[in-house]
Amino acid sequence: MLIILLGPPGAGKGTQAEKIVEKFSLVYIATGDILRKAVKEGSTLGRKAREYMDQGQLVPDNLVVEIVRDRLMEPDCVNGALLDGFPRTVDQAVFLEQVLPDIETQVDRVLLIEVDENELIERLTGRRVCGDCGASFHVKYKPPRVRNVCDQCGGDLYQRDDDSLATVTERLEVYKNQTEPLVEFYEGRGVLEKIDGNQDIDDVSDQINSALEKL
Ligand code: AP5
Ligand code: MG
Ligand code: ZN
């Protein structure tokens, strides 16, 4: 089973992913998390990716697609995976379709989480992320029990470099131009399901669960 989470920055993909992978026992593959880890480690990939990420631009397709293909081919993915933040361009989606037959799988559902733009800005500028496990929190909507400490692992929370207002505005623009065409692409494949992401975290989760339980 392969599920894709699609939606603008701040829509709640990472927040919902945590719940989905637990409930449906899927392997979680988030290209943003993989790239941020590479940046932190200072690897060759990380050094190349950093300049794009800091500016709110997409990292070039050729750097990203191989990572996803290699990860999908690892044995733990046989029971299914959840992709968050990939594909993000039509070229990436075409690439994915080309590699899926090799692992005898297909895209079962693309969940498009839709949220109003003002709300996205509010969510991103108030987000805090765990430096150790990657869990995300929000100063107002999902505060940690102890200020700046992760509920799940006790790690320190930090604000992502690309969550400044200027970079957020750029990322939203990039989403519209480069990622939104995927809505039509997956509608054409008959696998797109729209989720109302303006609701509370738990209500969004309920809607996602009913969409996935039908599969
Ligand atoms: P990535 O890490 O994927 O960032 P993104 O797509 O911009 O999405 P976000 O992680 O910002 O948002 P989210 O939807 O996960 O929201 P979250 O759940 O945290 O990518 C980062 C960068 O990496 C890209 O800009 C690009 O440079 C590069 N990159 C990654 N993948 C790539 C690819 N495939 N190709 C090329 N480049 C790539 O929630 C946000 C906040 O809102 C949190 O604080 C949360 O607590 C809160 N919240 C969530 N849901 C709700 C709710 N229902 N109500 C109230 N608050 C909520
Ligand atoms: Mg995310
Ligand atoms: Zn943590």
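1. A helix crossing is left-handed if the near helix is turned anticlockwise from the far one by less than a right angle, and right-handed if clockwise. In this predicted model, H4 and H5 make a right-handed crossing.

2. Helix H4 covers residues 61-72 and helix H5 residues 90-99. Helices (H or I, at least four residues) and strands (E, at least two) are DSSP runs, numbered from the N terminus. H4 and H5 pack at about 30°, with axes 11 Å apart. Axes are lines fitted to C-alpha atoms, for helices over the stretch in contact, and angles run from 0 to 180 degrees between N-to-C directions. The two helices are therefore roughly parallel (angles under 35 degrees).

3. Which residues of H4 and H5 meet? Val64, Val65 and Leu72 are among those from H4, and Phe95, Leu96 and Val99 are among those from H5. Contact means heavy atoms within 4.5 Å.

4. The zinc ion (ligand 3) has four protein donors: the SG atoms of Cys130, Cys133, Cys150 and Cys153, 2.3 to 2.4 Å away. Donors are N, O and S atoms within 2.8 Å of the metal (3.2 Å for Na, K and Ca). Their sequence spacing is C-x2-C-x16-C-x2-C.

5. Cysteine 133 lies in the loop between strands E5 and E6, cysteine 150 in the loop between E6 and E7, 17 residues apart. Cysteine 133 is partly exposed, at 40% relative accessible area, whereas cysteine 150 is buried, at 4%. Buried means under 20%, exposed over 50%, partly exposed in between (1.4 Å probe, protein chains only).

6. Residues are numbered from 1 along each chain, and ligands from 1 in the order written. Local features need pLDDT of at least 70, side-chain atom pairs 80 or more, and side-chain values use heavy atoms.

Technical notes: Angles under 35 degrees count as roughly parallel, over 145 as roughly antiparallel, 65 to 115 as roughly perpendicular and the rest as oblique.
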